[in-house]
Amino acid sequence: MADTQQVDARAERKVSRLAHRITAFAKAHGGAEGQVAHIGERGARIVLVGEDGGWGDLVAPSTEIARQAVEKAGITVHESFDGEYAAKVRTGPYEWKRMAGIQVGG
């Protein structure tokens, strides 16, 4: 019984930390929307897109913890990263340079 309570408490703390970071991102970018994607053994990726087009991501230890965190943060969650949601992302010179470098072997 103690092991289950310890795991639950650890998961709750992780959810709270992630939700706090999501909320801070949303506040800094005039609001935010997100998408949760399973990334294998590593857990789940939470992709955030701000109302200003800024974007970022967080990694959670599991899809369940990621879903709980976005729910606790109160942001809109999309099932996939496409369409109007993906079109909100604004990339800057760094991203364009990095993407070009990948294409030419850099």
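This is a predicted model: local features need pLDDT of at least 70, side-chain atom pairs count only at pLDDT 80 or more; totals for chains, interfaces and linings use all residues.

Biologist: Which residues are buried in H2, and what makes them count as buried?

Modeller: In H2, the buried residues are Ile65, Ala66, Ala69 and Val70. Buried means under 20% relative accessible area, exposed means over 50%, and partly exposed is what lies in between, with a 1.4 Å probe and protein chains only.

Biologist: How do you know on which side of H2 they lie?

Modeller: They cover an arc of only 130 degrees around the axis, so they sit on the same side of H2; the arc is that of the directions from the helix axis to the C-beta atoms. On the other side of H2, Glu71 and Lys72 are exposed.

Biologist: What makes a group of residues a nonpolar core?

Modeller: The term stands for a set of buried Ala, Val, Leu, Ile, Met, Phe, Trp, Tyr and Cys residues that are joined through side-chain atoms within 4.5 Å. The largest such core here has 17 residues, and Ile22, Ile46 and Leu48 have the most contacts inside it. Two or more residues each come from helix H1 (2–28), strand S1 (32–38), strand S2 (44–50), strand S3 (55–60) and helix H2 (63–73), and H1 gives the most, with five residues.

Biologist: Which residues does Ile22 touch?

Modeller: Contact means heavy atoms within 4.5 Å, and, not counting residues up to four places away in sequence, Ile22 touches Ile46, Leu48, Leu58, Ala69, Val70, Ala73 and Ile75.

Biologist: Why is Gly56 called buried?

Modeller: Gly56, which lies in strand S3, has a relative accessible area of 18%, so it is buried. Leaving aside neighbours within four places in sequence, Gly56 is in contact with Phe25, Ile46, Val47 and Leu48.

Biologist: Why is the pair of Phe81 and Tyr85 called edge-to-face?

Modeller: Rings of Phe, Tyr and Trp (its six-membered ring) pair if their centres lie within 6.5 Å, and planes under 30 degrees apart count as stacked, over 60 as edge-to-face and the rest as tilted. The ring centres of Phe81 and Tyr85 are 5.1 Å apart and their planes stand at 80 degrees, so the pair is edge-to-face. Phe81 counts as partly exposed because its relative accessibility is 38%, whereas Tyr85, at 2%, is buried.

Biologist: What makes Glu33 and Lys88 a salt bridge?

Modeller: A salt bridge is a side-chain nitrogen of Lys or Arg within 4 Å of a carboxyl oxygen of Asp or Glu, and the side chains of Glu33 and Lys88 meet at 2.2 Å, N to O. This pair links distant parts of the chain, 55 residues apart. Glu33 is buried, with a relative accessible area of 10%, whereas Lys88 is partly exposed at 32%.

Biologist: How many salt bridges are there by this rule?

Modeller: There are two. Arg45 also forms a salt bridge with Asp57, with the closest N and O atoms 2.6 Å apart.

How values were computed
Residues are numbered from 1 along each chain as its sequence is written. Side-chain values use heavy atoms; hydrogens and water are left out. Helices (H or I, at least four residues) and strands (E, at least two) are DSSP runs, numbered from the N terminus.
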